[in-house]
Amino acid sequence: MRYSSLFFLYITGGLVLLVLLLVHASFSESARQPVLEEKAALVKMLKLTDLCLFTEARYTRNLSQADLGTAFQDHPMSLEHFPSGSFTQPPESIRKFP
Amino acid sequence: MRQWIEKQRYIIDFTISSLLRRKVKNFGLLALYTLIVFMLASTMFFTYSIKKEASLILKDTPEIIVQKIVAGRHDLFPVSYIDTLKKIRGVAAVESRLWGYYYDGLVSANYTLLVPPANGDTSGKSRPSAKTTVVVSESGGQQADKSKPLFELGGAVLEPGTLITGNGIARLRDIGKDDYMPFRAFDGSVLNLRIAGALSSQSELVSSDLLLITAEDFRKLFGIDNRYVTDVTVAVNNPSEVEMVASKIRKALPEARPISRVEILRTYDSIFNWRGGMMIVIFSAAVLAFVIFAWDKASGLSAGERREIGILKAVGWETSDVIQMKFWEGAVVSLTAFFTGVILAYVHVFFTGSIVFEPALKGWSSLYPNFELTPFVNLEQLTTLFFLTVVPYTVATIVPIWRAATIDPDSAMRFTGE
């Protein structure tokens, strides 16, 4: 088989697979709707405020509830040092504190 | 047209043969390029999906949370402050919350202990009436009817001496219904609580480390008396007045910090932001790799490539043919890397639970939720990715070729040594 035929076969295959993945994403989105609603209901019932993504420190567990002492949680020169801190930003509310 | 297509096919045949002549270099380049696309696509799929999921899950989080701040730190909220909040115009309901953290030395994990609100309404239909009504839950110090269970969740009844665990804790400690969990209280005494049930595994993204206990046990465990709660939630009559009510709360209670639902949602909108530490490392590594690719191409061709162009021109190739060949070279490498990288990234994020990112996401925590992300992927993301990866490389391949393709074949062939 010619190289050009192989190349176009690969690109067509990739394109078809990408379209199939988009279809999969669309179907999964609808199929997982009840699960998303269950989570939203739990958040509403228990009055939760945050996702349980990082449990290593109190201010990363409840990101939106973090206080102003976060950066100096252990002692005045102890800056934030948990790995998950590198994925997150300070909560919006801290920047608005008077 | 047919002739043009056939010509392009011959050029592609020649280009791929030429690429295969330098197997090690070109396969290495392809592997690195695929890896960059894979990392970028995985990051894009993961961050977009988690942000979208957060916005859907947290849409019914309390309208306003009011904390008390002392010396920049979160402090216990006096129940007496609730009266002040009641008097604020526009407030529909005030409810207290009791929650805190417990470090379990046995498994080196932090748990979030939470007292469920007295009214476990999940219907979402019962919005407080327009006039101000104040609801103070059992956790706020009001006496509850002792004969009734305080909380019921999926058949698990929460009573004093019992708790409901998040699925992550049950998995980590290998415990289940009717097992006992010991806690060391603030005064050193041991509190043994029976597990009445576990929260569903489907909800781990919000409940993996949760322990639901009664207010009585919570106060016994942490030594918090009835005059204090952790914070309070405020429901507002008119959702458009949330900011106004929050500013009134700040005025009435200067040491209070109101956190609105919008701020909570914005916090999760900025999580995994490209300016965040780890994200900027990934993005700058990708940008740097592209700069190196472009530099390699722009800084000129190797002697072998230059001689190849010279020979092609000597046997009759036009300058435009040489440029077309280099265009196809860029397209073959970048399109192959793009399709492979994107497909692998989708499988990685939505079928393997982001296994590559997992160690970084876990950080130092020993309790990490097992969650399956909903694939929120659309054509816009794929188009962005395409223009970020394929176009720069293809352009970087063509531009320097223009210079090389216009040189005299004789001088190109005389140039020796690679």
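This is a predicted model: local features need pLDDT of at least 70, side-chain atom pairs count only at pLDDT 80 or more; totals for chains, interfaces and linings use all residues.
Starting with confidence, chain A comes out with an average pLDDT of 84, and 89% of its residues score at least 70. Within chain A, H1(A) has the highest confidence, with a mean of 93, while H4(A) has the lowest, at 64. Chain B averages 83, with 87% of its residues scoring at least 70. One stretch of chain B calls for some care: over residues 119–150 the pLDDT is below 50, yet the model still gives this stretch 65 contacts beyond near neighbours in sequence.

As for its fold, chain A has four helices and zero strands, so the pattern read along the sequence is simply α-α-α-α. Of the 98 residues in chain A, 51% are buried. Taking the contacts within chain A between residues at least 6 apart in sequence, 36% join residues at least 24 apart.

Now to the interface. On the chain A side, 67 residues are in contact with chain B, and on the chain B side 103 residues take part. Together the two chains bury about 7800 Å², and carbon and sulfur atoms give 65% of that area. A:Lys47, A:Leu51 and A:Phe87 supply 10% of the area that chain A buries against chain B, which is more than any other three residues supply.

In a salt bridge between A:Lys39 and B:Glu53, the side chains meet with an N to O distance of 2.7 Å. On the chain A side, at least two residues each come from helix H1 (3–31), helix H2 (33–46), helix H3 (58–61) and helix H4 (92–95). H1(A) provides the largest share of the side that touches chain B, with 17 residues. Sorted by class, that side of chain A holds 36 nonpolar, 17 polar and 14 charged residues.

Two residues of chain B are worth a look of their own. B:Ser208 sits in the loop between helix H5 (204–207) and strand E12 (210–213) of chain B. Its relative accessible area is 0%, so B:Ser208 counts as buried. Leaving aside neighbours within four places in sequence, B:Ser208 is in contact with A:Cys52 from chain A. Within chain B, the contacts of B:Ser208 take in B:Gly166, B:Asn167, B:Gly168 and B:Ile169, along with B:Leu367, B:Tyr368 and B:Pro369.

B:Ala196, by contrast, belongs to a strand, namely E11 (residues 190–198) of chain B. B:Ala196 has a relative accessibility of 6%, and because the cut-off for buried is under 20%, this residue counts as buried. Once neighbours within four places in sequence are set aside, B:Ala196 is in contact with B:Ala156, B:Val157, B:Thr162, B:Leu163, B:Ile164 and B:Lys177.

Definitions and conventions
Residues are numbered from 1 along each chain as its sequence is written. Chains are lettered from A and ligands numbered from 1 in the order in which they are written. Side-chain values use heavy atoms; hydrogens and water are left out. Contact means heavy atoms within 4.5 Å. Buried area is the accessible area (1.4 Å probe) that two parts lose on being put together, summed over both. A salt bridge is a side-chain nitrogen of Lys or Arg within 4 Å of a carboxyl oxygen of Asp or Glu. Ala, Val, Leu, Ile, Met, Phe, Trp, Tyr, Cys and Pro count as nonpolar, Asp, Glu, Lys and Arg as charged, and the others, Gly among them, as polar. pLDDT is the predictor's confidence in each residue, from 0 to 100. Buried means under 20% relative accessible area, exposed over 50%, partly exposed in between (1.4 Å probe, protein chains only).
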